[in-house]
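Try each task before reading its solution.

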Amino acid sequence: MVKFYAAEERKILARVVFTGILLSLLYAFFTDTLLHQLEQPVLRYPYVDITYWLMHGLGIPEFATGTMAWVFDVLLIGACIGCWLYPGSRILVWIFLVLYFVYFIGCNTFGAHHAGNKIGMLLIAVPFVVRNLASFNYLWQGLRYLLLFAFSSAFLWKLFRLSWLQPDQGILIMKKNWVLYLYNNTDTVWANVLHWLLAHPALVNGLFITGFLMEGFFIVGFFTRNFDKVLLVLSVLLVMGFWVTADANFVELLILCLTLSPFRLQPPVHRPGIHPS
């Protein structure tokens with residue numbers, strides 16, 4: 001059934017969300033991917049994207065990565081902490097969203113790769129800007145469908161491109177994405193694990209097909225919520241699989257899995273027009 005959260009549950013959920021975002025920002029700090037940690041001058045890669053063109057036309061990312069970039073990062077982390085301390089403050093959430101949007105655009109455009117792993121951190125905060133509790137709940141449910149779309153569209157992409165019919169697709173993906181790491185790290189424990197996997201292509205190809213079918217199972221979530229716990233487990237396994245087979249880090253996307261997890265402090269409230277699935 002649809003889970004509608006009460007006001008106190010919303011505040012606790014906000015603390016859970018911003019704890020996850022803060023951990024993500026700390027990870028960015030220790031991996032030198034905050035804006036003040038970029039080498040100067042930074043490179044630009046706006047790609048064919050009107051949003052990025054507009055942001056660069058206004059010079060906002062360039063300003064955020066300038067000589068005062070450390071001030072921007074302090075404000076970003078400070079806004080996140082403020083949202084945790086005052087989970088009912090919509091103004092702080094708005095400030096955080098604006099700052100994180102600039103960080104999202106800057107990180108992607110100056111990282112020379114339009115990755116989507118941080119989009120979960122950006123969108124998960126959106127429901128907390130609204131005052132009306134019903135609007136919050138509908139936005140929260142909307143994020144659930146976004147997560148379902150992310151995985152199911154990956155399934156459809158592979159399905160219609162017929163990549164699942166390529167018998168060596170899994171091992172080819174692994175070779176392409178891990179070759180640089182293996183070239184620069186020949187004697188690490190993880191390199192030995194990768195060499196073992198590369199020596200067993202049938203296993204890697206089997207993992208690819210298994211992941212393909214797991215992505216397809218997310219289509220079920222559009223029609224019923226009875227399998228949300230299963231989808232929660234599958235989403236974690238898929239993200240782990242992406243990293244092992246393709247060196248693709250989508251851990252930050254997992255914050256959207258909060259929309260699949262049960263989170264109740266009191267019995268669920270049934271709203272008019274909302275029925276169990």
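The model is predicted: local features need pLDDT of at least 70, side-chain atom pairs count only at pLDDT 80 or more, and totals for chains, interfaces and linings use all residues. Residues are numbered from 1 along each chain as its sequence is written, and side-chain values use heavy atoms, without hydrogens and water.

**Exercise 1.** Classify the ring pair Phe18 and Phe96.

Step 1: apply the rule. Rings of Phe, Tyr and Trp (its six-membered ring) pair if their centres lie within 6.5 Å; planes under 30 degrees apart are stacked, over 60 edge-to-face, the rest tilted. The count comes to 19 aromatic pairs.

Step 2: read the geometry. The centres of Phe18 and Phe96 are 5.5 Å apart and the planes stand at 85°, so the pair is edge-to-face.

Step 3: Phe18 is in helix α1 (residues 7–30) and Phe96 in helix α5 (residues 90–110), 78 residues apart. Helices here are DSSP runs (H or I, at least four residues), numbered from the N terminus.

**Exercise 2.** Are Phe18 and Phe96 buried or exposed?

Step 1: set the cut-offs. Buried is under 20% relative accessible area, exposed over 50%, partly exposed in between (1.4 Å probe, protein chains only).

Step 2: assign. Both Phe18 and Phe96 are buried.

Step 3: Phe242 and Phe250 are edge-to-face, at 5.9 Å and 70°. Phe242 is partly exposed at 22%; Phe250 is partly exposed at 28%.

**Exercise 3.** Which ring does Arg15 lie over?

Step 1: the criterion is NZ of Lys or CZ of Arg within 6 Å of the ring centre and within 35 degrees of the ring normal.

Step 2: Arg15 lies over Trp84, 5.1 Å from the ring centre.

How values were computed: Helix = DSSP H or I, 4+ residues; strand = E, 2+ residues; numbered from the N terminus.
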